[in-house]
Amino acid sequence: MNHYWSQYVQFTEELYGSRALKFHDGNKDLWLSALQVKDGMNVLEVGCGGGIFCHRIKTYLPGTKVTGLDFDIGHIEWANEKTAELNLDCAFVNGDATALLFEENTFDLCFSHTVMTFCEPNAFISEQYRVLKPGGIIVVLNVFGGGINPEMWKPDENSAEKELFDKVWAEADKNELSHVKKYALQLRDYPVYLEKAGFRNVKLEVIATATYNPDSHNVGEDAALEMINENRLSEMCSVQKARAMAPSALTDDEYNRLADLIDRRYDERVQKYKAGEKLWDFSAGMTVAISGVK
């Protein structure tokens with residue numbers, strides 16, 4: 001069973017948290033509109049990770065039937081546990097996005113988020129065409145550009161933290177496990193694949209979201225602290241993955257020092273937030289939604 005992605009690329013909790021900062025109560029109408037999802041639909045997410053998008057859809061539109069599929073069994077196991085914790089009725093299955101396990105004409109909507117670039121594109125699109133009902137909708141989401149300050153979690157320049165972070169990743173990058181296979185696709189290629197598979201009414205829209213803005217007046221304390229601590233988690237996970245691929249890059253003392261420096265930085269950020277000291281650090285991103293109708 002495949003655990004590559006959840007062990008070496010994105011830990012499931014890390015992926016779940018980062019996507020939760022994109023799609024939340026404050027912008028749910030924006031995302032539900034982009035996904036073109038309506039209550040009562042039978043929905044499949046292809047490449048669901050830990051299932052946050054499935055959980056959000058089921059929470060906001062309880063009449064939907066929601067299924068998530070992912071090739072990584074670690075993601076699926078985590079998604080099932082989280083589903084039980086949230087007491088939601090979602091189904092998650094382990095499977096290949098280029099050879100879907102479902103019958104023809106099953107779903108009203110198939111969608112994916114930053115998945116197509118990692119799959120053989122013809123099979124990825126044609127399989128979703130096959131399992132969609134006539135009149136069913138495909139929505140392919142992908143990030144556009146690097147965003148504005150997209151990775152706030154990375155350590156500051158000229159710091160002991162960055163020195164140790166770069167040291168472990170310099171060795172980890174030599175490991176083949178750190179190099180994810182991608183297909184050479186540009187965003188303008190996506191509509192072409194949809195049309196080639198037979199989809200009609202193909203269109204492209206752009207979604208802009210602030211993924212990190214803890215000092216903003218419209219962000220509550222719980223959400224602000226979640227943003228800060230999600231960045232803490234992202235950096236900790238990055239270091240843990242690097243260490244798994246390059247276990248001798250840092251000594252135990254160096255690794256513990258790096259973890260301590262990370263924690264100190266985020267503890268200080270939390271303290272400043274609680275003291276009302278505004279730093280106005282933020283990040284934002286754009287997501288392109290390309291859709292078509294069977």
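A residue counts as buried when its relative accessible area is under 20%. Histidine 75 has a relative accessible area of 1%, so histidine 75 is buried. The model discussed here is predicted. The protein chain holds 10 helices and seven strands. Its radius of gyration is 20 Å, close to the 19 Å from the globule rule for 294 residues, so the chain is as compact as a globular protein of that length.

**Overall build**

- The C-alpha trace spans about 60 × 45 × 40 Å along its principal axes.
- Of the 294 residues in the protein chain, 50% count as buried.
- The accessible surface of the chain is about 14,200 Å². Carbon and sulfur atoms contribute 50% of that surface.
- Take the contacts in the chain with a separation of 6 or more: 81% of them join residues 24 or more positions apart.

**Helix α4 and its partners**

- Helix α4 covers residues 52-60. It is mostly covered, with eight of its nine residues buried.
- Those buried residues are Ile52, Phe53, Cys54, His55, Arg56, Ile57, Lys58 and Tyr60.
- Two packed helices are described by the angle between their axes and the distance between the axes.
- Helix α3 (residues 28-35) packs on α4 at an angle of about 105°, and the two axes are 11 Å apart. Angles of 65 to 115 degrees count as roughly perpendicular, so α3 is roughly perpendicular to α4.
- On the α3 side, the contact uses Lys28, Trp31, Leu32 and Leu35. On the α4 side, Phe53, Ile57 and Tyr60 meet them.
- By class, the α3 contact with α4 has six nonpolar residues, one charged residue and no polar ones.
- Helix α2 (residues 12-20) also packs against α4, at an angle of about 45° with the axes 9 Å apart. That angle makes α2 oblique to α4.
- Tyr16, Arg19 and Ala20 of α2 make this contact with Ile52, Phe53, His55 and Arg56 of α4.
- By class, the α2 contact with α4 has four nonpolar, one polar and two charged residues.

**Histidine 75**

- Histidine 75 sits in helix α5, which runs over residues 73-86.
- Leaving aside residues up to four places away in sequence, histidine 75 touches Trp5, Ser6, Gln10, Phe11, Thr12, Leu15, Gly49, Gly50 and Asp70.

**The loop between α10 and β7**

- This loop lies between α10 (252-274) and β7 (283-293), and aspartate 281 is in it. Tryptophan 280 is found in the loop as well.
- Aspartate 281 has a relative accessible area of 18%, so it counts as buried.
- Tryptophan 280 has 55% relative accessibility, so it counts as exposed.
- Aspartate 281 touches Met152, Tyr212, Asn213, Pro214, Asp215 and Arg269, not counting residues up to four places away in sequence.
- Aspartate 281 and isoleucine 76 are 205 residues apart along the chain, and their C-alpha atoms are separated by 34 Å.

**Positive phi values**

- Most residues other than glycine have a negative phi.
- Tryptophan 280 is not a glycine, yet its phi is positive, at about 55°.
- Asparagine 105 also has a positive phi, near 60°.
- Asparagine 105 lies in the loop between β3 (90-94) and β4 (107-113). With a relative accessible area of 38%, asparagine 105 is partly exposed.

**Glycine 136**

- Glycine 136 is in strand β5, residues 132-148.
- Its relative accessible area is 3%, so glycine 136 is buried.
- Glycine 136 touches Asp108, Gly292, Val293 and Lys294, with residues up to four places away in sequence not counted.
- The C-alpha atoms of glycine 136 and threonine 64 are separated by 14 Å, and these residues are 72 apart along the chain.

Technical notes: Residues numbered from 1 in each chain as written. Predicted model: local features only at pLDDT ≥ 70, side-chain atom pairs only at ≥ 80, totals over all residues. Heavy atoms only, no water. Axes fitted to C-alpha atoms, helices over the stretch in contact; angles between N-to-C directions. Helix = DSSP H or I, 4+ residues; strand = E, 2+ residues; numbered from the N terminus. Parallel < 35°, antiparallel > 145°, perpendicular 65-115°, else oblique. Contact = heavy atoms within 4.5 Å. Nonpolar A, V, L, I, M, F, W, Y, C, P; charged D, E, K, R; others polar. Rg over C-alpha atoms; globule rule 2.2 N^0.38 Å. Buried < 20%, exposed > 50% of the residue type's maximum accessible area, 1.4 Å probe, protein only. Areas by Shrake-Rupley, 256 points an atom, 1.4 Å probe, with all protein chains shown as cover.
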